[in-house]
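Here is a brief report on one protein–ligand model. Take a look at the structure, then read on.

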Amino acid sequence: MKPVDRHLADILAAVRPLTPFEVELEAALGAVLAEDVASPVPLPPFDNSAMDGYAVRAGDVAAAPVTLPVIGDVAAGDGRLLAIGPGLVTRIMTGAPLPAGADAVVPVEWTDGGTVHVRIDRPAALGNAIRRAGEDVNAGDVVLREGTRIGAAQLGILAGVGRRRVRVRPRPRVVVLSTGAELAEPGTPLGPGRIWESNSFMLAAAVREAGGEGFRAGAVTDDPKEFLDMLEAQLLRADAVITSGGVSMGAYEPVKEALGPLGTVAFEKVAMQPGMPQGFGTVGPDSVPIFTLPGNPVSSFVSFVLFVKPALRKMQGLPAGPQATVRATTAASLRSPSGRRSYLRAVLDGGTVAPVRGQGSHQLAALAAANALIVVPEDVTELPEGAEVEVISL
Ligand code: AMP
Ligand code: MG
């Protein structure tokens, strides 16, 4: 059997970062920056007031309480070149440019709020309530680096440095295609021998959680021709394809039967549990990467975490490798087959991890109750309660 690490290495060697392109800011959420972004101006661009109050010379209010004449108002957006002389003040609003000559702002709360004369009750230190030009960003500073995922705050600073468009790697578009004659669409009645189709919902959601765009192509039966037709129709919009089911050792394995003869997809046994039958390769004229995952829901989920998630990171231009693990103490004894790396569904709570009841690869409810996978190495078959284990946090 092929080691898990080698299977991942083969996949990562084959997938390429998506080609960057420019998008409008509104379309950039969730994408990964493909350029360093610098600010063309200092931020703030000019000295301005942090509060509503009065622009003063600190020396004039050192002996407060004092009463001083108010020579005008400066509002946010005021573009005039203003100055105050000794002994004079202006009213000033938050974000308004500081008049020349002023070196402190007295908050309105420290005054009687006067508009012709103002009584100032407290002295203000030099620079009080002033936001200096460039104290957030200097002109030319890089505010975001290539490889940064664009969230709400990152969109904020992109706009804040005046960008309208930005170069990104797009969110990979991933089509999820389920196979199985037994599958019924959720919301429709279950006939005899049928189960509700769950993998395409789960995997499309996992793609979204991993930064891609997941599309459900829906389910096809176990007819290889039907599978190939569906695949061909879906390839147009796909940067990658995930299939579930139809890759094991039985009869009626449409994915294997349809893709095997192409020779571009390798079907292999990977030394892991759950999820031994795996396939990876490329399809179509554009050599779109395809992950053919086993159909058991827990197997397909674990396979996604181990193999597809890192591949999606690479496609987005992010550092990609094996899932990070943390160390924890197991709250129960563990068993694992010899020669295969186990990923036991578990609940991680602080430094303790407890396997959930129901470790079968069909036991989706148990997976839904878990928040972690305990990794048991290939050469370990038993671990006592209290043993140190590696854990993938989900
Ligand atoms: P297969 O890999 O096609 O042999 O399927 C293995 C097991 O997973 C069978 O019990 C299937 O019924 C089940 N299964 C396959 N595909 C799905 C799916 N999309 N949703 C839920 N269960 C599935
Ligand atoms: Mg099947």
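## Ligand site and backbone features

The shell around ligand 1 splits by class into 10 polar, 3 nonpolar and 2 charged residues. This is a predicted model. In total, 15 residues surround ligand 1. The closest are Glu182, Glu197, Ser198, Gly246 and Gly295.

| Ligand 1 atom | Polar backbone atom of | Distance |
|---|---|---|
| Oxygen | Gly295 | 2.9 Å |
| Nitrogen | Ser198 | 3.1 Å |
| Nitrogen | Asn199 | 3.4 Å |

How much of ligand 1 does the protein bury? Taken alone, ligand 1 exposes 480 Å². The protein buries 78% of that area.

### Domains

The protein chain is divided into four parts by domain assignment: domain 1 (4-18 + 171-315), domain 2 (24-40 + 145-169), domain 3 (48-131) and domain 4 (326-393). Domain 1 and domain 2 are each written as two segments. Domain 3 and domain 4 are each written as one. The C-alpha centres of domain 2 and domain 3 lie 37 Å apart.

### Backbone geometry

Most peptide bonds are trans, and most residues other than glycine have a negative phi. Which peptide bonds are cis here? One runs from Leu43 to Pro44, with omega near -10°. Pro44 belongs to the loop between β3 (37-38) and β4 (48-49). Another cis bond links Ala64 to Pro65, with omega near 5°. Pro65 lies in the loop between β5 (53-56) and β6 (66-74).

Tyr252 is a case of positive phi in a residue other than glycine. Its phi is near 60°. Where is Tyr252 placed? The loop between β17 (240-244) and α5 (254-259) holds Tyr252.

Definitions and conventions:
Residues are numbered from 1 along each chain as its sequence is written. Chains are lettered from A and ligands numbered from 1 in the order in which they are written. This is a predicted model: local features need pLDDT of at least 70, side-chain atom pairs count only at pLDDT 80 or more; totals for chains, interfaces and linings use all residues. Side-chain values use heavy atoms; hydrogens and water are left out. Domain bounds come from an automatic or database domain assignment. A residue is near a molecule or strand if one of its heavy atoms lies within 4 Å of it. A polar contact is a pair of N or O atoms within 3.5 Å; within protein, one must be able to donate a hydrogen and the other to accept it, and residues adjacent in sequence count only if both atoms are side-chain atoms. Accessible areas come from the Shrake-Rupley method with a 1.4 Å probe; for residues, only the protein chains shown count as cover. Ala, Val, Leu, Ile, Met, Phe, Trp, Tyr, Cys and Pro count as nonpolar, Asp, Glu, Lys and Arg as charged, and the others, Gly among them, as polar. Helices (H or I, at least four residues) and strands (E, at least two) are DSSP runs, numbered from the N terminus.
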